Amino acid sequence: MTLPVSVLLRPLAELKEDEWAVAEITVNNYGEEPIKFLKIEVFGDIEMEKPLQIDALGPDELLSYQVRIRVLSADGVAVIKASKIEEGNVVEFMATTMRLPCISAKRTERKGFKKYAAYQEETCKHCQEKIYPGFLVVHCGCNAVFHHKCVQDFKCCPVCGRNWK
Ligand SMILES: [Zn+2]
Ligand SMILES: [Zn+2]
């Protein structure tokens, strides 16, 4: 059974690639039971500053919050996940994908890498430490994945040597 929750993300200003902007997130419980401890996260090509925690959402209740988001790739897709947490574990969740209109910051030249918020657990090919969902990552065209903080000053991929500039 999926969680009877719908989530809508609406920018409150024009979105520009790689810039933080304010957005409104609206969460609706369309089920018949109250939901306690709801966590809203955004993965993929949109980064949300921090996960949204909602202590209680009654049946038919609709709540709106202001959040800060950043579009990492103008033509990308965001994955929005709502999870019900009990004793620290996810007991039910729902995920939805959406695209937001965004102005591309760069020319349409192809880059050798992609930046996004991780949606699964991976290992950084630079420091060999874990990458957890929600971490900002750099994904090289060779399929190597890195923590963004590990390689943000690199001009080329430490695995395949491809130019990132
Ligand atoms: Zn790393
Ligand atoms: Zn590479």
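Colleague: Over how many bridges do β3 and β7 pair?

Modeller: This is a predicted model, in which local features need pLDDT of at least 70, side-chain atom pairs count only at pLDDT 80 or more, and totals for chains, interfaces and linings use all residues. Residues are numbered from 1 along each chain as its sequence is written, while chains are lettered from A and ligands numbered from 1 in the order in which they are written. Strands are DSSP runs of E with at least two residues, helices are runs of H or I with at least four, both numbered from the N terminus, and two strands pair if DSSP finds at least two bridges between them. For β3 and β7, which pair in the antiparallel sense, the count of bridges is seven.

Colleague: Which residue of β7 stands opposite Glu-41?

Modeller: β3 and β7 are antiparallel partners. Opposite Glu-41, the residue in β7 is Lys-81.

Colleague: How many bridges join β7 to β8?

Modeller: β7 and strand β8 (residues 89–98) run antiparallel. The bridges joining β7 to β8 number nine.

Colleague: What is the strand order of the open sheet of four strands?

Modeller: The pairing in this sheet is antiparallel, and its order is β1-β2-β6-β4. β1 (5–11) and β4 (46–48) each have a single partner strand, so one side of each is left without a neighbour in the sheet. Neighbouring strands are turned by 40 degrees against each other on average, direction ignored, with axes fitted as lines to C-alpha atoms (for helices over the stretch in contact) and angles in general running from 0 to 180 degrees between N-to-C directions. The order asked for is therefore β1-β2-β6-β4.

Colleague: Which residue in β2 does Arg-10 stand opposite?

Modeller: β1 and strand β2 (residues 20–29) pair in the antiparallel sense over seven bridges. In β2, the residue opposite Arg-10 is Glu-24.

Colleague: How far apart do the C-alpha centres of domain 1 and domain 2 lie?

Modeller: The assignment gives domain 1 (5–98) and domain 2 (110–165), with bounds that come from an automatic or database domain assignment. Ten residues from domain 1 and nine residues from domain 2 take part in the contact, where two residues are in contact if their C-beta atoms, placed from the backbone, lie within 7 Å. Strand β3 (residues 35–44) gives the most to the domain 1 side, with four residues. The distance between the C-alpha centres of the two domains is 25 Å.

Colleague: Is Lys-50 buried or exposed?

Modeller: Lys-50 lies in the loop between β4 and β5 (52–57). The C-alpha atoms of Lys-50 and Ile-40, ten residues apart along the chain, are separated by 9.2 Å. Lys-50 has 9 C-beta neighbours inside 10 Å, so this residue counts as exposed.

Colleague: Which strand holds Phe-37?

Modeller: Phe-37 has phi near 50 degrees, a positive value in a residue other than glycine. With 16 other C-beta atoms within 10 Å, Phe-37 is partly exposed. The strand is β3.

Colleague: What is the phi of Asp-60, approximately?

Modeller: Asp-60 is found in the loop between β5 and β6. Asp-60 is exposed, with 10 other C-beta atoms within 10 Å. Most residues other than glycine have a negative phi. Asp-60, although not a glycine, has a positive phi of about 65 degrees.

Technical notes. A residue is buried if 20 or more other C-beta atoms lie within 10 Å of its own, exposed if 12 or fewer, and partly exposed in between; C-beta atoms are placed from the backbone.
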